[in-house]
Amino acid sequence: MKTHAQAVVIGGGLVGCSILYHLAKLGWSDVVLLERDELTSGSTWHAAANIHGLHDNTNISRIQHYTMNLYKELEAETGQGCGVFQPGSLYLAQTEAREHQLLLQEAKARYYGMNFHKISRDEAERLHPLVNFDGIRCIMYEPDGGNVDPSGVTMAYAAGARARGAEIHRFTPVTATVQQPDGSWIVETPKGNIQTEWVINAAGLWGREVARLAGIELPLMPTEHQYFVTETIEGVANAGRRLPSVADRDGEYYLRQEGNGLLIGAYEKDMRFWAEDETPGGFGHELFADDLDRIMDNVMRAMDRVPAAAEAGIKRVINGPMIWSPDSSALFGPVPELKGYFCCNGIIPGFSQSGGLGQMTAEWIVTGESSLDMFGWDLARFGTWADKKFTKARVQDQYANRFSIHFPNEERSAGRPARVRPAYEMQKGMGAVFGLNCGWEHPLWFADEPGVKETNGFTRQNWWKPVGREVRMLRDSVGVLDISNFANYFIKGPGAFDWLDQLLANKIPTEVGRSCLAPLIGVRGGVAGDFTVTKLAEDEYMMVGSGLAERYHRRFFDMVPLPAGTTFENKTDVICGYNVAGPKARDLLQRLTNADLSNEAFRFMRSARITVAGVEVVALRVSFTGDLGWELHCAQEDQVTLYTALVEAARELGGGPVGGRALASLRIEKGYGSWGREYSPEYWPQELGLERLVKMDKDFLNKAAYAALMDRAPREQLRILAVEANQNADASGGEPIFLPDGTPAGKVSSGAYGYHVDKSLALAMIKEGVAKPGDAVEVYILGHPHKAVILSEPPFDPSGERLRG
């Protein structure tokens with residue numbers, strides 16, 4: 001076994017072998033995979049191995065589409081059979097909400113050139129004559145859907161990797177991973193040690209245990225999962241062809257052909273955890289005892305749908321382990337706190353995603369960043385707050401609701417609250433309905449009385465009118481928004497300016513009391529973040545950014561060494577904040593402070609340390625609402641005092657508390673992009689209207705990457721659309737946009753009703769040269785075309801008079 005390698009992959013299951021293959025494919029032939037047992041041990045070998053292309057997340061659809069197409073290429077390349085069966089998949093909708101979901105996916109498939117379309121009942125019965133389609137509102141067909149052979153696919157990845165020079169060592173458990181002073185790693189095994197630049201944890205069921213060798217706790221939890229295969233069914237055996245699989249997610253089961261019988265699996269409500277603390281080291285190809293009674297409700301629904309299955313005996317039962325993250329999406333990416341340690345864990349539909357995840361992992365390791373924005377799956381979305389209690393509660397909810405629709409804006413209650421601020425109980429008493437934001441409970445909207453639960457769906461829900469009241473209240477008078485979910489960083493010392501100037505693309509303020517907006521440029525030249533930077537004192541700066549991206553941005557911060565004598569502090573956990581905004585914002589604050597807030601004394605993008613209601617705050621004259629406003633940042637222990645005073649003063653002026661849902665509407669009325677929706681490393685600054693904030697007469701992180709593309713014409717442009725929302729629903733994000741003749745024109749990044757301007761609005765990335773301001777387009781809300789027009793400017797205060805007044 002070699003003693004040095006560019007990368008060491010730990011785990012010889014499906015995903016580990018895919019990563020090894022894709023690393024070698026990108027030219028890293030000096031790579032090694034270590035497997036504690038035999039390849040496919042753990043959860044790979046017993047998987048149902050279904051494959052499908054569509055996902056609610058657009059980039060995951062791309063990953064799954066790539067994976068489905070890869071398997072036959074792998075067979076041709078390696079000569080190793082993957083057992084690919086693609087008779088197609090039928091997707092059934094029993095409810096209106098499921099029909100909306102499937103119609104939206106059909107529209108997305110048309111936009112991206114994927115094969116997924118609606119068919120008639122007659123066509124469905126021809127494709128699968130054993131299915132009873134009574135009660136079905138809508139049927140979609142995916143001709144490429146099907147299943148593969150778990151062992152065959154894994155061995156094909158392994159063969160392809162070996163052919164390119166990679167090494168695989170079976171029966172070689174990793175006993176330690178020790179980071180060296182230069183950032184490299186020593187991976188210890190009983191057969192010898194390997195020094196490497198990158199450790200890649202793809203250990204599946206043992207992902208937690210491998211992570212602990214490096215001092216990392218991953219939020220993962222294993223469960224049992226059952227499916228069974230029937231004896232021969234005459235209608236299957238005599239079909240003369242392979243029958244399509246059936247996805248009846250309203251029935252909470254799945255089924256497909258296996259041999260001359262059917263494979264039926266379920267995600268039951270009465271789920272079971274397994275190995276909560278630690279996956280046994282000796283576990284490999286074992287299964288659990290059958291417990292079909294737990295899934296019998298689901299099975300009975302499957303047999304009602306396919307009556308022939310009820311007459312068949314059971315040939316074998318598979319009850320094996322799966323390992324889940326709190327939101328059932330992969331834990332993907334480099335660990336921000338460690339150099340050279342990459343995770344790809346917690347993958348549930350592995351056979352639909354293995355190729356894409358392997359490709360994205362290899363791209364990130366070889367080039368420094370994946371070509372697709374993977375933030376929704378980035379392990380940085382969870383912090384230490386995602387402890388075992390939280391993880392267990394969320395996994396239980398995810399498993400039991402595996403096939404439930406995840407509606408736009410939906411906030412599930414499992415595992416909460418994880419983190420609360422001092423004002424939480426006060427806000428709850430005011431009727432606040434909370435969402436989860438980087439672990440924090442954050443007010444989304446305020447109901448008329450405490451204890452109101454919000455409803456979920458694709459159409460407008462019970463929060464739509466209350467949010468409208470909040471928006472109009474702020475635009476007409478004043479609102480107080482909790483912005484304690486923002487990330488707060490303080491940089492102090494003689495090198496504070498130099499560090500920020502080297503990190504961010506805009507010019508950093510040199511005058512005390514000045515603020516600026518500054519983008520962070522990604523490795524490929526896209527927009528990896530946006531920050532408000534304020535000079536507080538001669539050698540002290542405050543930087544405010546996205547709370548959701550707190551751990552994600554740490555990777556970039558660590559790319560720029562801190563100068564001697566300079567400190568960087570993340571104070572998000574001990575700083576709270578409020579945005580006081582609206583035409584009466586100045587009147588409100590002037591009642592609570594002796595500081596001069598006149599426009600002459602306190603201009604837009606200025607800052608000062610002042611006292612408000614007896615509380616010391618950093619006041620920034622900025623507002624994400626697009627209205628006149630100030631951000632006030634205070635110590636956490638002063639949060640309740642400040643909030644009480646602000647809300648009381650606001651009410652005297654006809655205002656009051658405002659939540660995050662209203663903020664979404666307010667910023668879209670103004671045309672403001674948001675990181676994680678509009679702002680993404682996939683998009684260039686000139687596509688987002690941020691090029692004016694990138695100063696090429698200075699050095700900054702990844703300047704060369706931006707310089708290589710700065711003169712290129714935008715591929716897409718961020719635009720704002722007014723939509724005819726004639727089905728009691730607004731765009732939420734992800735909806736495809738077409739020209740009236742069916743030409744793909746773009747996709748929605750954010751959507752909301754603009755209550756002040758009385759228009760349904762959407763921010764969207766529109767293809768350059770396809771559509772321009774003034775053009776009519778169609779936005780596929782609920783999967784149906786809704787007429788829209790591309791606006792030439794935001795409908796609220798396009799000249800910024802209120803913002804700067």
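How many bridges join β23 to strand β24, and do these strands run parallel or antiparallel? In this predicted model, local features need pLDDT of at least 70 and side-chain atom pairs count only at pLDDT 80 or more, while totals for chains, interfaces and linings use all residues. Residues are numbered from 1 along each chain as its sequence is written, and side-chain values use heavy atoms, with hydrogens and water left out.

Strands β23 and β24 (residues 527–537) run antiparallel and are joined by 7 bridges; two strands pair if DSSP finds at least two bridges between them. Helices (H or I, at least four residues) and strands (E, at least two) are DSSP runs, numbered from the N terminus. Ser515 stands opposite Thr534 in β24. The hairpin of β23 and β24 has 5 residues between the strands, and Gly525 takes a positive phi near 95° in this hairpin. Of the 7 residues of β23 (residues 515–521), 6 are buried (under 20% relative accessible area, with exposed over 50% and partly exposed in between; 1.4 Å probe, protein chains only).

The structure holds 40 aromatic pairs. Rings of Phe, Tyr and Trp (its six-membered ring) pair if their centres lie within 6.5 Å; planes under 30 degrees apart count as stacked, over 60 as edge-to-face and the rest as tilted. Tyr578 and Tyr643 form a stacked pair, because their ring centres are 4.8 Å apart and their planes lie at 10°. Tyr578 belongs to strand β27 (residues 575–581) and Tyr643 to helix α16 (residues 639–652), so the pair ties together parts that are 65 residues apart in sequence. Tyr578 is buried at 0% relative accessibility, and Tyr643 is buried with a relative accessible area of 1%. The pair of Tyr753 and Tyr755 is edge-to-face, because the ring centres are 5.3 Å apart and the planes lie at 65°. Both Tyr753 and Tyr755 are buried. Ring pairs also link Tyr254, Tyr267, Trp324, Tyr399 and Phe403 into a cluster.

Two arginines lie over ring faces (CZ of Arg, or NZ of Lys, within 6 Å of the ring centre and within 35 degrees of the ring normal). Arg36 is placed over Trp206 at 4.2 Å from the ring centre, and Arg621 over Trp630 at 5.3 Å.
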